[in-house]
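Student: Can you walk me through reading burial and helix packing in a model like the one below?

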Amino acid sequence: MTAVEDDGNDGSGRATYSAIPLAPDNAFEAISNRRRRRVILSLAHSDDDLTARELSVELAAIEHTIDPSAVTSEQRTRIYISLIQNHLQTLDDLGVIDYDGRSKSASATDATASLAEVVQQVTTACYQPGGDDA
Amino acid sequence: MIRELLGAAGYGPDAGADDLTTDIRIPLTNDDVLEALDNRRRREVIRRLAGTADDTAGIPLGELAEYVAAIENGKPVEKVTTDERKNAYVGLYQAHLPTLEDTGIIAVSESNLVRPVVDTQELAKLLTLIEDACEGGDQP
């Protein structure tokens, strides 16, 4: 074997880390809204695309702290509308997710996981209750 | 990624990879913090306040406006024009300082002195870490 090239070290003596491939303005805008943060976390933790409907059930369950099976159609619809009229397209425009408005299906981009990590770190750093859980 | 940055920046424990909580503690909700950080002028105000040690009297609004205008226009404070300063002043006065007050980060006195209510150094640390991790182009 020759020299180990890919040892998780960038050659400068420091461990490499996953950077966020976004401009700071876009990153801050993406995570400034609670529902957008939840979408980022869900997509980062999902191996598959998620539809707006699936996301809206998940968000409704979290917002109302109930089981997804207990989400009413009114609870789901309110969130569904805000997702398809606003947040999913915003996240797509910012480069944080890929959203197809025709199939209403969202998938992760190369920015999703690193931004989800930021959301979790900020949430951990903030110790005043009343925010959302990451 | 953040924790590696913290380590590299000398904030984190050497024998690595404790999470951010051990380093940055902010007595606010994530909702409030992330709303506050979602604007460049607000971020610069936080940074400016963080650079002032225990200034109980606070920083005059006019001085903050000059500081923000200088950064926005990429010039030293002395070169900021009246219009540039006024533009930043109005934005801070009408929008950004009220937001920072509502989120519990600052207090503004009747004579327009701005002082931090929480430890803005912690917030500045957090926002700089996030900015430094972003590699997708410069600020506009």
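Student: Which residues of α2(B) are buried?

Tutor: Call a residue buried if 20 or more other C-beta atoms, placed from the backbone, lie within 10 Å of its own. In α2(B), that picks out B:Asn30, B:Asp32, B:Val33, B:Leu34, B:Glu35, B:Ala36 and B:Leu37. So the helix, residues 30-37 of chain B, is mostly covered, with 7 of its 8 residues buried. Helices here are DSSP runs of H or I, at least four residues, numbered from the N terminus.

Tutor: Some housekeeping: this is a predicted model, where local features need pLDDT of at least 70 and side-chain atom pairs count only at pLDDT 80 or more, while totals for chains, interfaces and linings use all residues. Residues are numbered from 1 along each chain as its sequence is written, with chains lettered from A and ligands numbered from 1 in the order in which they are written.

Student: What do the buried residues of α2(B) pack against?

Tutor: For contact, ask for C-beta atoms within 7 Å. The buried residues of α2(B) pack against α1 (24-30) and α5 (112-125) of chain A, plus α3 (40-50), α5 (82-102) and α6 (120-133) of chain B.

Student: At what angle do α3(B) and α6(B) pack?

Tutor: For α3(B) and α6(B) the angle is about 130 degrees, with the axes 8 Å apart. Angles under 35 degrees are roughly parallel, over 145 roughly antiparallel, 65 to 115 roughly perpendicular and the rest oblique, so α3(B) and α6(B) are oblique to each other. Residues making the contact include B:Ile46 of α3(B) and B:Leu123 of α6(B).

Methods
Buried ≥ 20, exposed ≤ 12 C-beta atoms within 10 Å, placed from the backbone. Helix = DSSP H or I, 4+ residues; strand = E, 2+ residues; numbered from the N terminus. Contact = placed C-beta atoms within 7 Å. Axes fitted to C-alpha atoms, helices over the stretch in contact; angles between N-to-C directions.
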